[in-house]
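I opened my notebook for a new entry today. Here is what I looked up, in the order I went through it.

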Amino acid sequence: MESHDNLRLRPPRHRVDRRAIGWWTLQSALFALPLPLVFGILWASIPPTREFFMWATLISLVPGLLYMAVMPAWRYRVHRWEATNEAVYAASGWLWQQWRVVPLSRVQTVDTLRGPLQQMFGLSGVTVTTASAAGAVKIKGIDHKLAGDLVEHLAKYTQAVPGDAT
């Protein structure tokens, strides 16, 4: 079995792009605001049910606003990444935090993803997969050009690292 004694377990060095806060805020708004908006419309439209829909609007709006205010900044503080010539490191999450290290000798594929909201913010995500059932390392919220450079770096070094990624 191949040894990776030169891999040090340490937190990744790079933060995601600061624009990720706006991306996560917009994502959270799309998740948190539709229900209070519907309740608000019903409150304004159906006078006999105004008291009920006023409370329903408030009860659904307050947690959504808290989520929108807390989650993006918290996630920004947690999310970090790093790619060296030996491994890819990633820390992610906000309530459930995860830290992953993948030796480059185990990398099978490197993919990028740019959803519509990421494109609006000039961001990309990079997914590094292995043969392991444990899943992939996902680095989300980095600058689009930087993501391209990262994929190029990983492609170069995964070919140069001896080992079998199957």
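This is a predicted model: local features need pLDDT of at least 70, side-chain atom pairs count only at pLDDT 80 or more; totals for chains, interfaces and linings use all residues.

How many helices and strands are there in the protein? I counted five helices and seven strands, where helices (H or I, at least four residues) and strands (E, at least two) are DSSP runs numbered from the N terminus. Along the sequence I read the pattern β-α-α-α-β-β-β-β-α-β-β-α.

Residues are numbered from 1 along each chain as its sequence is written, and side-chain values use heavy atoms, with hydrogens and water left out.

**Overall numbers**

I looked up burial next. Of the 166 residues in the protein, 36% are buried; buried means under 20% relative accessible area, exposed over 50%, and partly exposed in between (1.4 Å probe, protein chains only). Then I turned to contacts, meaning heavy atoms within 4.5 Å. Among those between residues at least 6 apart in sequence, 58% join residues at least 24 apart.

**Helices α2 and α3**

At what angle do the axes of α2 and α3 cross? I found roughly 160 degrees for helix α2 (residues 34–45) and helix α3 (residues 50–78), with the axes coming within 8 Å. Axes here are lines fitted to C-alpha atoms, for helices over the stretch in contact, and angles run from 0 to 180 degrees between N-to-C directions. I noted their crossing as left-handed: the near helix is turned anticlockwise from the far one by less than a right angle, and clockwise would be right-handed.

On the α2 side the contact is made by Leu35, Pro36, Phe39, Gly40, Leu42, Trp43 and Ala44. On the α3 side I listed Arg50, Phe53, Met54, Ala56, Thr57, Ser60 and Leu61. Sorted by type, these contact residues give 10 nonpolar, three polar and one charged. For that sorting, Ala, Val, Leu, Ile, Met, Phe, Trp, Tyr, Cys and Pro count as nonpolar, Asp, Glu, Lys and Arg as charged, and the others, Gly among them, as polar.

I then picked out Met54, which is found in helix α3 and is partly exposed at a relative accessible area of 33%. Met54 and Gly40 are 14 residues apart in sequence, and their C-alpha atoms are 7.0 Å apart.

**Helices α1 and α3**

Helix α1 (residues 19–32) packs with α3 at about 155 degrees, with the axes 9 Å apart. That makes α1 roughly antiparallel to α3. I noted a right-handed crossing for this pair. From α1 the contact uses Ile21, Trp24, Thr25, Gln27, Ser28, Ala29, Phe31 and Ala32; from α3 it uses Gly64, Tyr67, Met68, Met71, Pro72, Arg75 and Tyr76. My tally here reads 10 nonpolar, four polar and one charged.

**Aromatic pairs**

How many aromatic pairs does the structure hold? I found six, pairing rings of Phe, Tyr and Trp (its six-membered ring) if their centres lie within 6.5 Å, with planes under 30 degrees apart stacked, over 60 edge-to-face and the rest tilted. Phe52 and Phe53 form an edge-to-face pair, 5.0 Å centre to centre with 75 degrees between the planes. Phe52 is exposed at 55% relative accessibility, whereas Phe53 is buried at 11%. Ring pairs also link Phe31, Tyr67, Trp74 and Trp94 into a cluster.

Is Val137 buried or exposed? I found Val137 in strand β7 (residues 137–143), buried with a relative accessible area of 1%. Leaving aside neighbours within four places in sequence, Val137 is in contact with Val88, Ala90, Arg100, Val102, Val126, Thr127 and Val128. Of these I checked Arg100, which is 37 residues from Val137 in sequence and 6.4 Å away, C-alpha to C-alpha.

My last stop was Gln108 in strand β5 (residues 107–113), partly exposed at 42% relative accessible area. Gln108 and Thr158 are 50 residues apart along the chain, with 8.4 Å between their C-alpha atoms.

Definitions and conventions: Angles under 35 degrees count as roughly parallel, over 145 as roughly antiparallel, 65 to 115 as roughly perpendicular and the rest as oblique.
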